[in-house]
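Please keep the sequence and the structure in view while reading.

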Amino acid sequence: MTDSTDTIDWFRHTAPYINSHRGTTVVVGLRCGAASDENFINVVHDLALMHSLGVRLVVVHEQNAFNSQPLSPVAIHRAVADTLAERTHIEQMFSMGLPNSPLHNARLRVIAGNFITARPLGVINGVDRSGRGLVRHIDVAGMTHALDGAAICLVSTLGHSPAGEVFTLDALDVMGAVSRSLGADKLIIMSDFDGVESTDGKLQRQLTVDAARRVLETAGEGQKEALMLACDACDSGVPRSHLISYALDGGLLKELYTHDGIGTLISPDEYEQIKGAEAHDLAGILELIRPLQQVGILADRSNEEIERRLDKFTVITKDSRVIACAALLDNPADNIAEIASVATHPDYRDSGHGERLVAALIDAGKQAKLERVYVRTTQTGHWFQELGFTMSSHEVLPDSEKQKAKIDRNSKILVRAL
Ligand SMILES: CC(C)(COP(=O)(O)OP(=O)(O)OC[C@H]1O[C@@H](n2cnc3c(N)ncnc32)[C@H](O)[C@@H]1OP(=O)(O)O)[C@@H](O)C(=O)NCCC(=O)NCCS
């Protein structure tokens with residue numbers, strides 16, 4: 001394959017992700033060191049690209065690791081100055097016209113401001129933790145207004161009290177509070193490690209919250225707090241949290257716009273879901289079945305036909321991406337219906353997805369009081385036989401389908417009684 005074919009292929013494969021992330025709110029937490037890393041310019045490019053693809057972006061930056069030691073007035077002054085210097089550095093990078101990037105001349109509006117009201121950490125163990133604060137309130141209306149106006153919100157770890165005092169805040173507290181308050185769809189924590197590793201050192205691509213909490217016991221100190229935040233965010237309603245490295249070129253794009261991502265995804269539910277197809281699944285279904293139609297493995301159906309009959313499809317999704325699909329094409333006048341367009345993405349075969357889908361459609365057929373289902377297949381007769389189908393002929397087909405069957409791909413007909 002030539003390079004350009006690779007690129008075209010890659011671009012086509014990103015379409016379902018672009019569609020599913022458009023209009024979603026994503027909070028990106030930049031841990032300490034991210035903004036000074038040599039890869040940071042690439043992170044900014046990726047953020048700008050995500051923004052131009054319709055993602056509503058909030059960026060929280062951590063200039064310095066938080067601790068609860070009290071700060072003298074001079075130290076507070078220095079901490080504020082350092083944080084504002086980093087904020088300015090980030091704003092500057094977003095304002096550079098992004099030379100040498102595809103977003104050259106893109107005009108990005110970054111809004112930073114007094115989005116956080118804070119309260120003092122107070123006296124702990126007899127020590128007044130002056131200068132240290134906790135998030136009290138997030139100005140959701142203000143941030144939503146900025147996001148609606150297509151701006152990127154930039155949030156620093158500083159908060160002000162109604163009395164006018166300034167406090168330094170724990171970035172993890174800020175990331176969690178912002179994600180929760182905005183009802184974010186994702187929290188992406190960018191740290192100096194690649195993700196969560198199993199005991200044998202293998203990167204865990206995905207974990208449920210329960211599994212992630214079990215890993216907490218063995219995680220290193222820096223990882224533990226990020227992992228805890230990711231789990232807490234999911235517990236409080238953020239559907240997905242991701243842990244990725246800020247040092248990997250293209251990390252954000254790989255995590256959001258490719259199959260398996262690059263870091264660790266944490267989600268409250270089982271990662272794969274079986275469900276009726278929805279409008280946003282259409283692109284994924286087409287991506288899955290089009291190549292199989294082109295080589296004659298699946299019957300040719302136009303995009304319009306598939307869109308019209310989308311409610312007949314059941315899909316298995318993995319982080320919003322369709323990895324397997326099948327349709328029950330029933331017709332109220334007939335007591336037999338076709339199971340069609342059964343396909344599992346090549347990367348996910350031999351794990352029971354196909355069988356699960358056929359079983360779900362058989363259940364749906366029973367509920368619809370159908371007597372039989374049939375399939376037309378050129379290469380998977382044996383597979384369907386193992387699922388209880390038996391060889392038959394086009395005589396069993398509903399009248400409306402008999403004519404079509406004669407000009408079909410010389411496929412075999414198999415039937416299963418319900
Ligand atoms: C057929 C297909 C849907 C199975 O999906 P899947 O998710 O891998 O299915 P399952 O995991 O439930 O089943 C896999 C088993 O079926 C077997 N199998 C796969 N294709 C087969 C075929 N053409 N003939 C016989 N057995 C087959 C696998 O070897 C595997 O066997 P094992 O469990 O003993 O290892 C998938 O291979 C596919 O998308 N094929 C292309 C499209 C197609 O042919 N669709 C059917 C026409 S409607």
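The ligand is surrounded by 20 residues, the closest being Thr344, Arg349, His353, Gly354 and Glu355, where a residue counts as near a molecule if its C-beta atom, placed from the backbone, lies within 6 Å of it. The model is predicted, so local features need pLDDT of at least 70 and side-chain atom pairs count only at pLDDT 80 or more, while totals for chains, interfaces and linings use all residues. Residues are numbered from 1 along each chain as its sequence is written.

**Ligand shell**
- The elements giving two or more residues to the shell around the ligand are β18 (336–344), α11 (353–367), β19 (372–377) and α12 (381–386); helices (H or I, at least four residues) and strands (E, at least two) are DSSP runs, numbered from the N terminus.
- Sorted by class, this shell holds 8 nonpolar, 9 polar and 3 charged residues, with Ala, Val, Leu, Ile, Met, Phe, Trp, Tyr, Cys and Pro counted as nonpolar, Asp, Glu, Lys and Arg as charged, and the others, Gly among them, as polar.

**Domains**
- The protein chain is divided into domain 1 (3–269) and domain 2 (274–417), with bounds that come from an automatic or database domain assignment.

**Helix packing around α7**
- Helix α5 (residues 171–182) and helix α7 (residues 221–235) have axes that come within 10 Å and cross at roughly 15 degrees; axes are lines fitted to C-alpha atoms, for helices over the stretch in contact, and angles run from 0 to 180 degrees between N-to-C directions.
- That angle makes α5 roughly parallel to α7, given that angles under 35 degrees count as roughly parallel, over 145 as roughly antiparallel, 65 to 115 as roughly perpendicular and the rest as oblique.
- Leu172, Met175, Gly176 and Ser179 of α5 make this contact with Glu225, Leu229, Asp232 and Ala233 of α7.
- Helix α6 (residues 209–216) packs with α7 at an angle of about 155 degrees, their axes lying 10 Å apart, which makes α6 roughly antiparallel to α7.
- The contact of α6 with α7 comprises 9 nonpolar, no polar and 3 charged residues.

Methods:
Contact = placed C-beta atoms within 7 Å.
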